[in-house]
Amino acid sequence: MDAPPHVRIRKQLLTIAENPMRPWHEEVQTIGTLLTDNWDDELLRGNFVDLVLQLALEQPLKTPFVAAVVLVANGNQGELVELLLAKLAAGIQSKIAEGEWRGVKLYLKLLACLQGALEGDGVFPILEDLFARAGELQTASSEDTVGTELVKIILLTLPYIMSTAPAERWQQKAADLMDKTEIIASEPHTLQSLVDPYHPESGEESPIGSTSLIALLQKQLQAEASNGWELACLPRPWEFPMEDIEQRSKLKEAPLHALPTITIPELVPSGPRPLFPEIYLSVYANQEVESVPSTNNIASCLTRDALLDMINELAYNRNITARNLIELDCFFAPRTFTARATPYDKLRDIQPPRSTWKPEDVAVDAVFSQLFQLPAPEHKLVYYHSVLTEACKLAPAAIAPSLGRAIRYLYRNIHHLDLELANRFVDWFSHHLSNFGFTWKWTEWEEDVFLSELHPAKAFIAASIDKEIRLSFAQRIKGTLPPPYLQLISPEKERDTPEFKFAKDDVPFAAEGREIATRLRNKAPDEEIQPIVDKIHSAALDMSLDPLVSSTDVFVTAVLHVGNKSLSHVLAAIERTKDRLLNAGAASDSAREQIISAVMAYWAYQPGVALSIVEKLLNYGILSPISVIQWALVAHPGANRGRPLAEAYIYELVFNTVAKVTARVRQVVRKAAQPDSAGHMDIDDGDAANEQEQIRDREVRAMRELFRAMDDALVSWASGTKDELIEDVADSSERQKLVARWGERWQRVFRRRAAVEDAFVLEAERSRKAAAASGITLSQA
């Protein structure tokens, strides 16, 4: 027995265009006919319209095909289009009100694909209104990002209008609109340098010129306009073969429909997602043979945009995301791509006009563009990791070689990459290898093992191996590496637990260290430990040492030794001795720094464990964020002539500490901006509101002081004026240059972070005041 019509249509729509063996026009006509033949089915009518809108948001690669079904059905059942346009217009209006700009763009894409069924100028009046608001916003502030987002939406909607309707009919409209958008698109945004993925040294050029997405789109669309709007990569499933005269006639004679009014409000919301200028990044730039569309071709932006929408909208299902990436050539015009899994070397044999674009390269490129999105990607980084992993599992022969070439490109340009992105690369690379037996052609980089520890390539290798060991164990990783790399894995890394330095009698305070460890293991009360601490103080004074620093070192090391079996053991040991540790941390800056030094020294060969412990000490309040920053950027690098600036775990320590501070600030800022129980912003209502404001101001002030302290520390490293560098005459100029370069890279990351967090606080405050002034809820504002 056949399934009900609405079930069959749902199934067919969900899989539309996925079968490369079935012509699009046949599939579209089958679904359209089934739809109109069963239009009396009320369940089918409601389900179909809702499904079309859902697919437009969640699987935008299929939007042109779904629109083609609607256009075919319009020839027999115009009521369908009326129902769809009513809901679609309401959806666009709702998305605009919420500031959900991707949703607006995706709904407009569907509307653009229906341009041929619309009366009058169709979608163009909406795009004109969007530009009017964009112009007002840009005039009001050069740092506005909502206006640039609106221009991006306009530029990405235009190609779909021109592909679905007779291009010559709309050429003048499109030209007029692009004349306007050029004013905004061609001007570099003031925040553009903040999010550039490349950070070349002064006097050097980026591996590829960093261009904003909207500037690129503007140029590409102008080129398409001069070429008659060919838009060769876009599918046109509504075009039927010449011999299908009946269907072509129905499409031509189908009724036109008025588009319901869509109003762009005067106050355009920025939306829940922070907006920043977008830079077009490709990990396949400057190749001998193009395996992805060049930035001169509109296909580069159109394929990338469709894939990114799909990747980010389907974040709840990485398996479907990966499958769509593998099958992306099904959703673009025939002959846009070469055959799947074509080896790169074979591309040289392909003669024009055949395409050399590899679909798997385009897919991998899109995921990396999100993995390396600054200041932050939309979803957690591990999501993008998982998409690449799933894609590699689904089609290893196609995806693995593409990933290999991407890895080599990034490695070659590691010294140009923004430091935050270089560390994301380390995290992804080690994580990815852990899913595939830790196999990589390490022999390619053997020569770099002998570079200076301050060289970015050597730092990347060392960091990747360290992360691999964290995800496995040292002996396992040693078995995957060629002999030259083995020097990077010291014997101490193979030990299950670190050596207790006080086990040796020649170490100062060895007897006291062993005694404290024994008493801690026996869970002795603090009163039994204090006499030993007093003894350390007395001996330290005799040796002209700081007594508090000495006792803190001994005590913390003993605590770590007692709890070295697992993280839960050390947390239990810290919990039992928390009061003494709190007192030590509060006593002096040097004692706090010694707590960190003791942790990092004890777990020196397993830095991942050390970072977890420092994080817990921050949670307990034993350490303060500023003490971690001072140790990581002043004391520790100063004692080691700047070398720690090249160590990934030091960057991780600082980055995690800053993230903890900024997360706290965002939490209190949001809480201070919450409406009252009636849903209004009564900011002067009683002591509770004042207390929230005081907490917010205190936390924001502390965060800004932290960023200032970081910048003060990094300025001297970046400029080469750090005392330790000037005083060390043995340092070569090349070494000093490398240290200064690391300082520059650190400085750029955290100046950007400071700017982003300041922008968040200012925007929250602006929204709070605007909502309070108008007497509406924050969510409505």
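Predicted model: local features only at pLDDT ≥ 70, side-chain atom pairs only at ≥ 80, totals over all residues.
**Entry 1: helix 3**

I began with helix 3, which runs over residues 42-58 and has 17 residues. From its first C-alpha to its last I found a reach of 24 Å, close to the 24 Å expected at 1.5 Å a residue. At the start of this helix I looked for a side-chain contact to the backbone, and found that a side-chain oxygen of aspartate 41 comes to within 3.0 Å of the backbone nitrogen of leucine 43.

I then listed the buried residues of helix 3, which are Leu44, Phe48, Val49, Leu51, Val52, Leu53, Leu55, Ala56 and Leu57. I kept in mind that an α-helix has 3.6 residues a turn, so residues three or four places apart point the same way. Which helices cover the buried residues of helix 3? The cover includes helix 1 (5-14), helix 2 (24-37) and helix 4 (63-74), and it also includes helix 5 (78-98), helix 6 (101-113) and helix 12 (298-313).

**Entry 2: leucine 55**

Setting aside neighbours within four places in sequence, I found leucine 55 in contact with Leu13, Leu14, Pro60 and Val66. I also checked the separation from arginine 102, which lies 47 residues apart from leucine 55 along the chain, and the two C-alpha atoms are 14 Å apart.

**Entry 3: two helix pairs**

For the pairs I noted two quantities, since two packed helices are described by the angle between their axes and the distance between the axes.

Helix 1 and helix 2 have axes 10 Å apart and pack at an angle of about 155 degrees. Helix 1 is therefore roughly antiparallel to helix 2, as angles over 145 degrees count as such. The crossing of helix 1 past helix 2 is left-handed. On the side of helix 1 the residues that meet the partner are Arg8, Ile9, Gln12 and Leu13, and on the side of helix 2 they are Thr30, Ile31, Leu34 and Leu35.

The second pair is helix 7 (residues 124-140) with helix 8 (residues 146-164), whose axes come within 8 Å and cross at roughly 155 degrees. That angle makes helix 7 roughly antiparallel to helix 8, and the crossing is left-handed. In helix 7 I recorded Phe124, Leu127, Leu130, Phe131, Arg133, Ala134, Leu137 and Gln138 as meeting helix 8. Among the residues of helix 8 that they meet are Val146, Leu150, Ile154, Thr157 and Ile161.

**Entry 4: helix 10 and what follows it**

Helix 10 has 14 residues, and I found that it reaches 20 Å from its first C-alpha to its last, close to the 20 Å expected at 1.5 Å a residue. Its buried residues include Leu213, Ile214, Ala215, Leu216, Leu217 and Leu221, and also Gln218, Gln220 and Glu224. What covers the buried residues of this helix includes helix 8, helix 9 and helix 12. Helix 10 is followed by glycine 228, which has a positive phi near 75 degrees.

**Entry 5: glutamine 192**

Is glutamine 192 buried or exposed? I found a relative accessible area of 15%, so glutamine 192 counts as buried. Glutamine 192 sits in the loop between helix 9 (167-185) and helix 10 (213-226). Not counting residues up to four places away in sequence, glutamine 192 touches Ser210, Ser212, Pro277 and Ile279.

**Entry 6: backbone exceptions**

Alanine 17, in the loop between helix 1 and helix 2, has a positive phi of about 70 degrees although it is not a glycine. Alanine 17 is buried, with a relative accessible area of 1%. Tryptophan 229, in the loop between helix 10 and helix 11 (245-253), also has a positive phi, near 55 degrees. Tryptophan 229 is buried, with a relative accessible area of 4%.

Where did I find cis peptide bonds? The bond from proline 352 to proline 353 is cis, with omega near 10 degrees, and proline 353 lies in the loop between helix 13 (318-326) and helix 14 (359-371). The bond from leucine 374 to proline 375 is cis as well, with omega near 5 degrees, and proline 375 belongs to the loop between helix 14 and helix 15 (381-394).

Definitions and conventions:
Residues numbered from 1 in each chain as written. Heavy atoms only, no water. Helix = DSSP H or I, 4+ residues; strand = E, 2+ residues; numbered from the N terminus. Expected span 1.5 Å × (residues − 1). Buried < 20%, exposed > 50% of the residue type's maximum accessible area, 1.4 Å probe, protein only. Contact = heavy atoms within 4.5 Å. Polar contact = N/O pair within 3.5 Å; in protein donor to acceptor, adjacent residues only side chain to side chain. Axes fitted to C-alpha atoms, helices over the stretch in contact; angles between N-to-C directions. Parallel < 35°, antiparallel > 145°, perpendicular 65-115°, else oblique. Left-handed = near helix turned anticlockwise from the far one by under 90°.
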